[in-house]
Amino acid sequence: MKEMSGNKKNEEFAQIKNLKSHSTHHAEKAPGKFPVIFFVPGYGIPAQEYENIIIHLVSNGYIVIGLNSVFISGDLQMPSGLIANIITPDSDEQKNDLFNNSISDLAFSVSHLKIKNTKEEILNSIDWNKIALVGHSLGSSTIAHFAQKTKLKVKAIVTLDLTIDLLCQNNCPNLVNIPFMHIFSSQFYKQSNDKCFPFYCPPKNKRPSPDEFLFVVNNIYNDDSYSMHLSFTDYSTLQYHPEIELAIQSMLSKNPSDQFLGTGDGFTISQAVNKKILDFFQMFLIN
């Protein structure tokens with residue numbers, strides 16, 4: 001918000017403190033075992049900014065573990081109180097390092113939680129025979145590559161606005177032989193046809209997975225600006241909060257090209273994405 005505030009005084013944003021989460025700390029746990037979904041956010045965006053998606057899945061019987069990577073998922077405060085600032089890569093080597101760190105963090109988290117002896121009820125409620133992955137942007141590329149390499153039986157994966165990393169000479173990886181859903185904003189799907197930005201690996205004759213799906217968040221007019229890269233974050237719906245709306249308008253009045261949420265109704269977009277993800281997991285993770 002600091003970047004969007006312009007010349008407004010901090011007290012003018014006091015209303016933002018009244019924003020309420022629909023999640024609950026230490027909620028009573030239902031009995032039984034539940035599928036687990038590992039959620040990897042995009043570069044510069046902490047997992048906490050995907051509450052729309054995460055809470056919807058949790059409310060439908062899934063355990064969701066959101067992962068924040070140091071130097072990748074924004075500025076993060078360590079247990080010691082020190083702040084680990086995000087790194088802006090200035091070379092392909094640094095980009096590769098961040099990408100590999102993202103994969104390593106996911107691999108470590110999955111293996112650590114799987115073998116950890118814990119008294120935490122929620123971790124003991126995980127059904128490790130039902131593992132799924134969701135990622136946005138860099139996180140999408142992370143889970144696609146992780147799913148290729150892991151020996152775990154991942155049941156299904158959903159990628160949001162990216163499938164591959166752009167550091168492998170734009171070659172599509174050999175996608176894993178598991179159910180795979182690609183969900184794209186209309187903005188990124190348009191760019192997927194650009195040779196410089198092949199975000200989506202188009203199906204080929206020998207794609208291994210028979211259960212591969214593509215969903216583009218668009219309207220009946222196929223408006224390329226209907227949804228954008230950050231439409232998958234909570235800003236899709238937060239944009240209508242009065243103070244945040246003013247901040248966005250102030251920012252765009254100075255730099256109209258900085259539009260990042262598209263023209264579509266954020267609530268409609270969020271509901272459509274949530275439904276697609278849930279229906280997909282209900283089909284391949286539950287049944």
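Biologist: At what angle do the axes of α1 and α8 cross?

Modeller: Two packed helices are described by the angle between their axes and the distance between the axes. In this predicted model, the axes of helix α1 (residues 51-58) and helix α8 (residues 266-286) come within 10 Å, and they cross at roughly 40°. Angles under 35 degrees would count as roughly parallel, so α1 is oblique to α8. The crossing is right-handed.

Biologist: Which residues make the contact of α1 and α8?

Modeller: From α1 come Asn52, Ile53, His56 and Leu57, and from α8 come Ser270, Val273, Asn274, Ile277, Leu278 and Phe281. By class, six residues of this contact are nonpolar, four are polar and none is charged.

Biologist: What is the order of the strands in the open sheet?

Modeller: The six strands follow the order β2-β1-β5-β6-β7-β8, and their pairing is parallel. Because β2 and β8 (212-217) stand at the edges with a single partner strand each, one side of each has no neighbour in the sheet. From one strand to the next, the twist averages 20°.

Biologist: How many bridges join β1 to β2?

Modeller: Four bridges link the parallel strands β1 (residues 34-40) and β2 (residues 63-66). Phe39 stands opposite Gly66 in β2.

Biologist: Which strands does helix α2 touch?

Modeller: Helix α2 (residues 92-115) packs on the sheet against β1, β2 and β5 (126-136), and its direction makes about 155° with that of β1. Helix α4 (residues 138-149) also packs on the sheet, where it touches β1, β5 and β6.

How values were computed. Residues are numbered from 1 along each chain as its sequence is written. This is a predicted model: local features need pLDDT of at least 70, side-chain atom pairs count only at pLDDT 80 or more; totals for chains, interfaces and linings use all residues. Side-chain values use heavy atoms; hydrogens and water are left out. Two strands pair if DSSP finds at least two bridges between them. Helices (H or I, at least four residues) and strands (E, at least two) are DSSP runs, numbered from the N terminus. A crossover is right-handed if, with the strands pointing away from the viewer, the path from the first strand over the helix to the second runs clockwise. Axes are lines fitted to C-alpha atoms, for helices over the stretch in contact, and angles run from 0 to 180 degrees between N-to-C directions. Angles under 35 degrees count as roughly parallel, over 145 as roughly antiparallel, 65 to 115 as roughly perpendicular and the rest as oblique. A crossing is left-handed if the near helix is turned anticlockwise from the far one by less than a right angle, and right-handed if clockwise. Contact means heavy atoms within 4.5 Å. Ala, Val, Leu, Ile, Met, Phe, Trp, Tyr, Cys and Pro count as nonpolar, Asp, Glu, Lys and Arg as charged, and the others, Gly among them, as polar.
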